Amino acid sequence: MKLKLISAVVAAIVAGAPAMADLTFSALSYRTGPYAANGIPFADGYADYFTLLNERDGGIGGEKINLIECETAYNTEKGVECYESTKGSGALVYQPLSTGITYQLIPKATADGIPVHSMGYGRTSAKNGEVFSHIFNYPANYWDGASVAIKHLLDVNGGDLKGKKIALVYHNSAYGKEPIRTLEELAKKHGYELTLLPVDHPGQEQKSQWLQIRRDKPDHVLMWGWGVMNQVAIQEAVNIRYPMENFIGIWWSGSENDVLPAGDGANGYKSLTFHNTGSDFPLFADIEKYVKGAGKAAGAGDQIGTALYNRGLYAAMLAAEAAKTAQEIHKTAAITPAMMRDGMENLDITEAKMTALGLPGFGPSFKVSCQNHGGDGLTAVLQWDAAGKKWNKITDFIAPDNDVLNPLVAEDAAAYAKEAGITPACK
Amino acid sequence: MPETLLYAIEVMTNGLMAGVLYALVALGFVLIYKASGIFNYAQGVMALFSALTLVGIMDGQVPFAHLINAVFGTDLHHFGWTLPALLSIILTMGVMVLLAWAVQRFIFRHLVNQEPIILFMATIGLAYFMEGFGDMMWGSDIKKLDVGLPQGMNSWIDETTFNALGYGFFIDNLDIVAAVVATVLVGVLVAFSQYTKQGRAMRAVADDHQAALSVGISLNFIWIMVWSVAGFVALVAGVMWGAKSGVQFSLSLIALKALPVLMLGGFTSIPGAIVGGLIIGVGEKLFEFFVGPMIGGATENWFAYVLALIFLVFRPQGLFGEKIIERV
């Protein structure tokens, strides 16, 4: 009798459980903690795109998608725990959403044969696929961002930065220090004077840095900030009456969250981006119909079209396209992480493909290869319109200065290969 | 006057102003520690919670909207009204009093006579609970706080110092307001504890719980009152810091700025919190100005603790703390 009862309970549980999904994607998200305001829109965008594919297309290549979210609270230790606890689920790719977590996962995921997509963050030299076989950072990385920022400044200064003063206000962490080497190299090339102004975590108090900016009067200020550091920096810039059009943030310093608290004062602030913002794309009509309208949105639906929501959606779109590429290469819908890696390495994003997906002009065209896991680094500049409460894209997607960047990537990748005992080669 | 001296004076003045903001956070810790011997780890989260509640009430946000919508399938977000700042502050204070009652009724009433470490652990739990509760109640988006406080460079000071010294000093209007508010707040708190019946009862409880109970002072009432006053101080700190950066969850981390202030000023002294805040504010800013560039900058966070530790070497109880003499 007891055995029958147990069998019945097990049968009921099995019958009640959802069918095991065929394609599993893992997102290490953060919906809690001090950075939740930024983590939520990205996670919502990432989840909503996969929901759309499930609801509208029945998944990818006929296989339903199962998204596993694990809460990291933007904490590296928790992120690694998330990875360890979910890697057995058959996740095709990890989106760590943190430079610190990415650094920890580089050796682990490589050893486990699971690809990692650190889109616009993480270790820049992971662009070198011969060394970082399972790490992808397309379509742009921090060094691309630094280079494009300088290219934009060249553009607004008539092509000459000689004698100009540029200050970098950065989060005093591995992430914030990423662009320094590039900016120093570019300073040698273009003759500008670079001042470094680190801000300690979390960045709520930046008076010293902005008093120095007020005294030194740099012609331009660049910012590599995150979380509260961005809002405080923009407010302090407003307070000292720094011309906002001369203030440019990396894409992680360019969300609506960063500028809205400063109100009208933030008008004219610029930010880099590798994708478009707003919801004026055909795909968003489908998001409205199949996801939000159907009550299946990951969040409240109030973040759709914001910079970070669109970044999450874009990341999911790139993951889905890589999965499709893997299915085509291996001629099977039920792909494995190893096949997914091949799909990512052969990803080819064209404008025709973006248009077909309902995202014309949303992001740059780029092609991934074994030698190049980082795409072409095309980056555009956005400018904040405080009255309209929206970002306006004021440039096309601009290519970085690869003459300067490629040797830096090669040097850093070679150092990592030596340290990790890796013989560079295409897998 | 040499330029470096002018810059140093400007940095020092701004350090004083920053110190006032640190002191505002430290005050809340002192009040609770003084009255109950509890080191309230949740003070930073109280500042966050009160600021979230203030913005929510001002903007007419429906509390627990996400939860209500998820359970009942509704689409509620706002009541459709906005309230004046003063009324919202009064209502927020009501919420903080309610919170003080709940904290006392459901947590500390059951922990009377427990070791200080147990009480401290309880406040850690309270901090995490309140953070999650605040998130569920008001959402985790960054909110703009506009209670009409002036912000930005004070033009009068800029022009006056420029005319007199040839260099215009930067002082943020918000910092000036914070300094005035902190001065008034300390005056009111000192007057309250010295000249009112409840204030004297609070001091009696701080000195000796048992003795206070024996003369008929309600420990329960005093602790609710103290947590309410600490809630009010948290609200003031939350408004000042929230106006700088928007109201967001990292606001709870301002507690980190208060710890060196407490170490330096002493855990039991209201004037100590102010003086400690000023010393830390000026010390860290001047160190960053003179030494920071030589050692790569970003010295403020750790230097505040180094400064506090240096003071502790000479006065372990802090500048204004009570010296503990234990006879064997």
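Visitor: Is A:C70 buried or exposed?
Guide: Its relative accessible area is 16%. Buried means under 20%, exposed over 50% and partly exposed in between, using a 1.4 Å probe and protein chains only. That makes A:C70 buried.

Visitor: What kind of model is this?
Guide: Residues are numbered from 1 along each chain as its sequence is written, chains are lettered from A and ligands numbered from 1 in the order written, and side-chain values use heavy atoms, with hydrogens and water left out. Local features need pLDDT of at least 70, side-chain atom pairs count only at pLDDT 80 or more, and totals for chains, interfaces and linings use all residues, since the model is predicted.

Visitor: Which residue is joined to A:C70 by a disulfide?
Guide: A disulfide here is a pair of cysteine sulfur atoms within 2.5 Å, and this one spans 2.0 Å from S to S. A:C70 sits in strand 2 of chain A and its partner in helix 3 (residues 76-86) of chain A, so the pair ties together parts 12 residues apart in sequence. Helices (H or I, at least four residues) and strands (E, at least two) are DSSP runs, numbered from the N terminus. The partner is A:C82.

Visitor: In strand 2 of chain A, which residue is the bridge partner of A:A27?
Guide: Two strands pair if DSSP finds at least two bridges between them. Strand 1 (residues 23-29) and strand 2 (residues 65-71) of chain A run parallel, with 7 bridges. The partner of A:A27 is A:E69.

Visitor: What is the hand of the disulfide between A:C370 and A:C426?
Guide: Their sulfurs are 1.9 Å apart. The pair links distant parts of the chain, 56 residues apart. A:C370 is buried at 9% relative accessibility, while A:C426 is partly exposed at 41%. The torsion about the S-S bond is about -105°, so the disulfide is left-handed.
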